Amino acid sequence: MGRPPAEAVLPLPLQLLDGLRRARHVVVLTGAGISAESGIPTFRDALTGLWARFRPEELATPDAFVRDPDLVWQWYQWRREQIAAARPNAGHLALAALERLVPRLTLVTQNVDGLHQQAGSRQVVEFHGNIHRNRCSMDQELVDVDVRGTRRPPRCPRCGGMVRPDVVWFGEPIPRACLVQSQSAVARCDLFVSVGTSALVEPAAGLARLAREAGAVIVEINPAETPLTSSADYALQGAAGQLLPALAAALA
Ligand code: APR
């Protein structure tokens, strides 16, 4: 991948650039906002069309799946279609570039769309799973099944349980390996960047607090205020697709 274009260099706090240049281990936490510029609606955006009367919090739960598996499945099929049509944007590409510019970068994403990997990021911790994978809701093992065009959950070939997307729903634990990997990276990082997340959902939101306790510099990139904004050392107000290329270009 080439360097981000020179016009991407915005005025950024010099002390922040200095901190980034000296950082040994950077942790970046991303949320739905980084994929917004790829055309994927964020979670807390009002849903459109058919789904306008549902809230994601009411669809992305184990209870919802038990109550109405077809509804939950169709919602995920709709999201899969949007994601299949999306491409990584300048923000994803800049993070992939940044990974090659600092000694160590751990990218923890709450997104399930796989766009960071498509952009070329190598060290990605998928905190909330991946929508492209499926697993059995009974035996919890991954299921390799072609789900294109299905309107109801297929059955697990091993035990007959209903197949569900391999994502973390509200009320479910984060996969242990992801949690351990993220928390140990955060405990060792000297710079923590929170990008495009409302910083409302635990335990992801708590990673910023852990980073602060570890003495890291906290940076936020978001056009809106979040519960993290007032305690961040640098709150950069703007779109990830503009600010991240500027950071990467300043460092390159
Ligand atoms: N650049 C950066 N941030 C943006 C952009 C952009 N172009 N556009 C929107 N945002 C910000 C919004 O201001 C908001 O703060 O992205 C954030 C998106 O917030 P949410 O929709 O709450 O998404 P997220 O924080 O990722 O949600 C966390 O909640 O629903 C669950 O499991 C789901 O992973 C998800 C988790």
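Modeller: Of the 20 residues around the ligand, those that come nearest are Glu37, Arg44, Thr197, Ser198 and Asn222; a residue is near a molecule if one of its heavy atoms lies within 4 Å of it. This is a predicted model, in which local features need pLDDT of at least 70 and side-chain atom pairs count only at pLDDT 80 or more, while totals for chains, interfaces and linings use all residues. Residues are numbered from 1 along each chain as its sequence is written, and side-chain values use heavy atoms, with hydrogens and water left out.

The shell around the ligand comprises nine nonpolar, nine polar and two charged residues, with Asp, Glu, Lys and Arg counted as charged, Ala, Val, Leu, Ile, Met, Phe, Trp, Tyr, Cys and Pro as nonpolar, and the others, Gly among them, as polar.

Polar contacts are pairs of N or O atoms within 3.5 Å. A polar side-chain atom of Ser198 is 2.5 Å from an oxygen atom of the ligand, and a polar backbone atom of Gln110 lies 3.2 Å from a ligand oxygen atom. A nitrogen atom of the ligand is 2.9 Å from a backbone N or O atom of Ala240. Of the 730 Å² of accessible area that the ligand has on its own, the protein covers 89% (Shrake-Rupley method, 1.4 Å probe).

As for the chain, the domain assignment, automatic or from a database, gives domain 1 (14–40 + 88–128 + 173–251) and domain 2 (49–85 + 137–167). Their contact, meaning heavy atoms within 4.5 Å, takes four residues from domain 1 and four residues from domain 2.

Notes
A polar contact is a pair of N or O atoms within 3.5 Å; within protein, one must be able to donate a hydrogen and the other to accept it, and residues adjacent in sequence count only if both atoms are side-chain atoms.
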